[in-house]
Amino acid sequence: MLKAIRERLSLQGLILISPTMFWLIVFLLVPLVLIVVISFGARGIYGNVEYTFNLDNYARLFDKGYASILWDSIWIALMTTVFCLLAGYPLSYYIARTHPVRRSLLMFLVLVPFWTNFLIRIYAWMIILRGEGVLNAVMTALGLMQGPGQWLFEQIQLYTPGAVLISMVYEFFPFMILPLYTSLEKLDPALLEAAADLGARPWRAFLRVTLPLSVPGIIAGSILVFIPAMGMFVVPDLIGGAKTVLVGNLIRNQFLTARDWPFGAAASMVLMLLTLGVTLIYTRTFGFGEELVP
Amino acid sequence: MSERARPGRGLTVYAIIAYTYLYLPIFFLILFSFNTSKFSVKMEGVTLKWYGDLFNDKAIWESTRNTLIVATTSTIVSTVIGTAAAISLQRYNFRGKGFSEATLYIPVIIPEVVMGIALLAFFGQTGFTLGLPTIIIAHIAFSIPFVALTVRARLQGMDRAVEEAAMDLGANEVVTFWRITLPLIMPGVLSGALLAFTLSLDDYIITLFTAGPGSTTLPLRVFSMLKQAVTPKVNALSSLWILVILIVLVASQRLGARKT
């Protein structure tokens with residue numbers, strides 16, 4: 001009797017999940033396995049894929065030119081994550097500490113730019129950082145366009161790595177704020193009072209109580225920023241000009257223009273292993289944060 | 001509950017700077033959509049010319065239509081099957097549950113470009129013709145997890161006593177689902193659907209790899225406009241986009257506030 005009920009319940013569960021699993025297996029897992037297979041193949045003369053087994057594509061990735069692309073991608077993604085965290089933590093902290101009624105309004109204001117299209121956000125920065133753009137006009141009007149001011153502008157104007165970084169941080173900022181805010185908002189103020197009662201100065205209470213308790217938010221936010229930043233090719237395209245080529249650009253080009261699918265597939269595998277590796281190290285060390293759920 | 005310590009003055013100043021950083025780019029974007037000058041960053045005069053140009057652009061209308069078809073279809077499909085998946089994972093135990101949960105996380109944790117090229121290779125090798133249907137298939141695949149995770153979060157916070165009461169009063173499982181469970185999880189389902197819809201509207205990367213001739217969506221169109229000579233027409237399009245999103249967001253907030 002009990003066994004029959006359990007089997008019936010198990011069947012209901014399977015029926016409910018089956019459309020989703022069908023979709024994800026056919027249109028996600030099978031394509032990903034195909035990429036693994038293709039990455040060991042070779043490019044045919046007509047840009048077709050010859051299914052062989054060799055590691056040439058992977059070996060090529062560690063040639064000098066390509067290795068530096070991988071390194072640049074990791075570096076820019078890490079810098080984006082660090083800047084998002086440094087800029088995002090005080091803001092999340094501020095929002096979590098304001099009056100509850102204002103809190104939801106302030107979070108809403110953080111999210112509005114994020115809900116608009118990400119190409120629009122990139123374009124907004126193109127207008128500002130262009131050679132003849134808003135920043136140049138403002139700095140010229142203030143008489144800052146000389147000496148160090150001029151130098152600073154040259155570091156961040158359109159088609160430089162500095163501009164890529166500014167735009168990437170803007171792009172992914174809300175991904176950092178959302179989980180950080182969630183973990184800071186849950187923090188019981190009584191804990192800080194207890195710390196104060198026991199004689200801890202505010203700064204010390206922050207370091208010993210608030211910061212450790214917000215670690216899950218820091219982890220989740222860093223992952224949510226790092227993963228898309230690693231694969232990003234649109235920002236380098238539009239903001240970096242031809243000067244910044246990241247692994248995302250490399251993969252896109254192999255599939256859409258150079259038509260060397262096996263090489264592009266190998267680059268995708270390396271990208272995926274790098275992002276999964278970093279994510280695993282993070283989650284294994286600190287536990288899988290529920291803040292990852294939107 | 002004790003009163004929270006209010007943020008200090010330094011932090012308030014910082015917050016003002018942060019919000020300026022978030023909104024200043026958008027402010028200039030909208031401002032220049034009314035500029036008579038084509039390239040200058042000086043406001044030389046106010047005009048609605050660029051909005052007029054936009055409305056007379058057939059290609060824009062066509063991509064808008066494509067975008068709406070893709071977003072609507074993929075939202076409906078992913079919301080229905082994603083909600084079923086959430087109920088299954090939250091309420092039932094079955095063989096392969098761990099595998100299903102792990103699979104659901106894949107689109108969240110792999111870079112979009114990898115998903116894009118994987119689908120391109122798959123469609124190419126299995127003889128699919130690239131076009132609106134392949135875009136819709138791809139958008140459903142990346143939306144399902146977001147719907148399922150959102151609805152599941154709602155289910156987790158739900159009190160099962162109401163459902164049990166309905167069953168005790170003689171309602172069968174189907175009636176209980178439609179009359180009790182679904183209305184209770186509706187806010188979660190709606191926010192999942194809103195998420196799926198905006199993800200679809202926003203998507204450029206995966207669409208780039210799964211689109212074919214004649215299936216250009218609005219983000220693809222915007223990108224090619226940005227690659228060519230940029231005119232304030234792009235500003236006009238962006239401003240309208242922001243306006244529409246803002247209306248949808250405020251409306252859904254109002255709706256959500258009334259529900260709870």
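In what order do the elements of chain B run from the N terminus on? The answer is α-α-α-α-α-α-α-α-α-α-α. In numbers, that is 11 helices and 0 strands in chain B. Before I go further, please keep in mind that this is a predicted model.

Let me stay with chain B and turn to its dimensions. Taken along the principal axes, the box filled by the C-alpha atoms of chain B is roughly 70 × 65 × 30 Å. The radius of gyration of chain B is 23 Å, whereas a compact globule of 260 residues would have one near 18 Å. As for burial, 39% of the 260 residues of chain B count as buried. Then the contacts in chain B: if we take those between residues at least 6 apart in sequence, 79% of them join residues at least 24 apart.

Now the two chains together. How many residues of chain A are in contact with chain B? There are 72 of them, and they meet 71 residues of chain B. On chain A's side, helix H1, residues 2-39, gives the most, with 21 residues. Sorted by class, that side of chain A has 54 nonpolar, 14 polar and 4 charged residues.

Helix H5 of chain A, residues 118-129, packs against helix H1 of chain B, residues 9-31. The angle is about 80° and the axes are 9 Å apart. An angle of 65 to 115 degrees counts as roughly perpendicular, so H5(A) and H1(B) are roughly perpendicular to each other. From H5(A), the contact is made by Tyr123(A), Ala124(A), Trp125(A), Ile127(A) and Ile128(A). From H1(B), the residues are Pro25(B), Ile26(B), Phe28(B) and Leu29(B). By class, the contact of H5(A) with H1(B) has 9 nonpolar residues, no polar and no charged.

Last, the core. Which residues have the most contacts inside the largest nonpolar core? They are Ile122(A), Ile117(B) and Leu119(B), in a core of 136 residues. Helix H8 of chain A, residues 161-186, gives the most to this core, with 15 residues.

Take Ile117(B) as an example from that group. Leaving out residues up to four places away in sequence, Ile117(B) touches Ile35(A), Ile251(A), Phe255(A), Gly264(A) and Ser268(A) in chain A, and Phe209(B) in chain B.

That is what I have for today.

Technical notes
Residues are numbered from 1 along each chain as its sequence is written. Chains are lettered from A and ligands numbered from 1 in the order in which they are written. This is a predicted model: local features need pLDDT of at least 70, side-chain atom pairs count only at pLDDT 80 or more; totals for chains, interfaces and linings use all residues. Two residues are in contact if their C-beta atoms, placed from the backbone, lie within 7 Å. Helices (H or I, at least four residues) and strands (E, at least two) are DSSP runs, numbered from the N terminus. Ala, Val, Leu, Ile, Met, Phe, Trp, Tyr, Cys and Pro count as nonpolar, Asp, Glu, Lys and Arg as charged, and the others, Gly among them, as polar. A nonpolar core is a set of buried Ala, Val, Leu, Ile, Met, Phe, Trp, Tyr and Cys residues joined through C-beta atoms within 7 Å. A residue is buried if 20 or more other C-beta atoms lie within 10 Å of its own, exposed if 12 or fewer, and partly exposed in between; C-beta atoms are placed from the backbone. The radius of gyration is taken over C-alpha atoms; the globule rule is 2.2 Å times the number of residues to the power 0.38. Axes are lines fitted to C-alpha atoms, for helices over the stretch in contact, and angles run from 0 to 180 degrees between N-to-C directions. Angles under 35 degrees count as roughly parallel, over 145 as roughly antiparallel, 65 to 115 as roughly perpendicular and the rest as oblique.
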